[in-house]
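Colleague: I'm new to reading protein models. Could we go through this one together?

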Amino acid sequence: MTTPTSGPATGDGAPDRPATGRRATGPTRTTGVTPARATRAPRTADRLLRAPEANRSNALPAGAWWLWALGLATAASRTTNPLLLGLLVGVAGYVVAARRTDAPWARSYGAFIRIGLFVVGVRLVFSVLLGSPIPGTHPLFTLPEVPLPDWAQGVRIGGRVTAEQLVFSLYDGAKLAALLICVGAANSLANPARLLKSLPGALYEAGVAVVVAMTFAPNMVADVARLRTARRLRGRPTRGVGAVLQIGLPVLEGALERSVAVAASMDARGYGRTAEVPPAVRRTTNALTLGGLLGVCAGTYGLLAAQGAVYGLPLLVAGLVAAAAGLRLGGARSVRTRYRPDRWGARAWLVAGSGVVVAVAMIWAGGVDAEALHPGVVPLTAPVLPLWPAAAVLVGLLPALVAPVPPPVGAGSKTRPSPEEDQ
């Protein structure tokens, strides 16, 4: 019996090792660093930069998604440039596709897109039928005009339709559609029940009603998809007036039953229970809360309007301070504890901050270069994409990189609940 021969002796006195056919993994002569140590630092950095899988401990609070979406909606309300509006819709759609779950409310994004397209179509139809004050020199066609009495001066039904008025209506409708789609993105990414957990104690009664309203539409969309699939499998038509009438009543009934069940479960857990407080504290709370909310509304309108940017910010800050003080006092009426409150980590602040950056950049661009955000229609000019506002809109893609990745559909459902179900 022969033994394997040893390799050549090394010069550093190390014992000879048998040749096994594997490449030596010892220190090299040039760097003296093993491959395992050389790759440890890049792997650690990659692990820190890569978004983790979403679970109950790291799922983003619903308020972070709503702040991000409201920032995009604010940016959409500041421009009529179709290129910027399309970019905002694309950013919102990409984040929704990358980070939404398979929960019922996550399936409502397509419905908001269809609503936005419907709004654009209605705006164009109204412009064609009722006319527009926008003058135009490029007539497309002429409709029969209905004669109106003298007291209806300024109102026109039918008449000449120009390209300028259609383009203006298209820009105006696209702005409203983009705003609705951005709000729909928040509705698809944020859990309404978790949003209620973040509300102050003074708003729990109103929060129950809001959650019922917010869960009604997603549940209705899910029921429509389920009933249409069932009818398709049975060979029945899913389009047409007859199919809509046969699907409508079960859909409304099922969505209302689910929403009422959510409200009943909240009431059983103590939502709406209040404690006795002195009348002076109650009146002060009402005055601060009402005055603060009015200030927030006036300040927000000032920021959204082109002429109210000077007084909008002070009113908004004063309204937020007064509303926060009123809600703080109103929280003394709440007698229930908060179970596992949502914590705002670095990823949540990055998501919310990206939406704020987009809104602030668009407001700033409106004061610096208003013509780029509002392309003219008289005369007709092709819209131009402004570079740095477009770059600021791309900051809204940050949630697709830093937000926790939802688990695949059906993965882990038997072992652990999803972040939305574990409430």
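Colleague: Where is His374 found?

Modeller: First, this is a predicted model, where local features need pLDDT of at least 70, side-chain atom pairs count only at pLDDT 80 or more, and totals for chains, interfaces and linings use all residues. Residues are numbered from 1 along each chain as its sequence is written, and side-chain values use heavy atoms, with hydrogens and water left out. Helices here are DSSP runs (H or I, at least four residues), numbered from the N terminus. His374 sits in the loop between helix H12 (370–373) and helix H13 (387–393).

Colleague: Does His374 count as buried, partly exposed or exposed, and why?

Modeller: Buried means under 20% relative accessible area, exposed over 50%, and partly exposed in between (1.4 Å probe, protein chains only). His374 has 38% relative accessibility, so His374 counts as partly exposed.

Colleague: Leaving aside neighbours within four places in sequence, which residues is His374 in contact with?

Modeller: Contact means heavy atoms within 4.5 Å. Arg78 is 296 residues away from His374 in sequence, yet their C-alpha atoms are 8.7 Å apart. With those sequence neighbours set aside, His374 touches Arg78, Thr79 and Thr80.

Colleague: How do helix H4 and helix H5 run, roughly parallel or roughly antiparallel?

Modeller: Axes are lines fitted to C-alpha atoms, for helices over the stretch in contact, and angles run from 0 to 180 degrees between N-to-C directions. The axes of H4 (residues 109–130) and H5 (residues 163–189) come within 8 Å and cross at roughly 160 degrees. Angles under 35 degrees count as roughly parallel and over 145 as roughly antiparallel. So H4 is, relative to H5, roughly antiparallel.

Conventions:
Helices (H or I, at least four residues) and strands (E, at least two) are DSSP runs, numbered from the N terminus. Angles under 35 degrees count as roughly parallel, over 145 as roughly antiparallel, 65 to 115 as roughly perpendicular and the rest as oblique.
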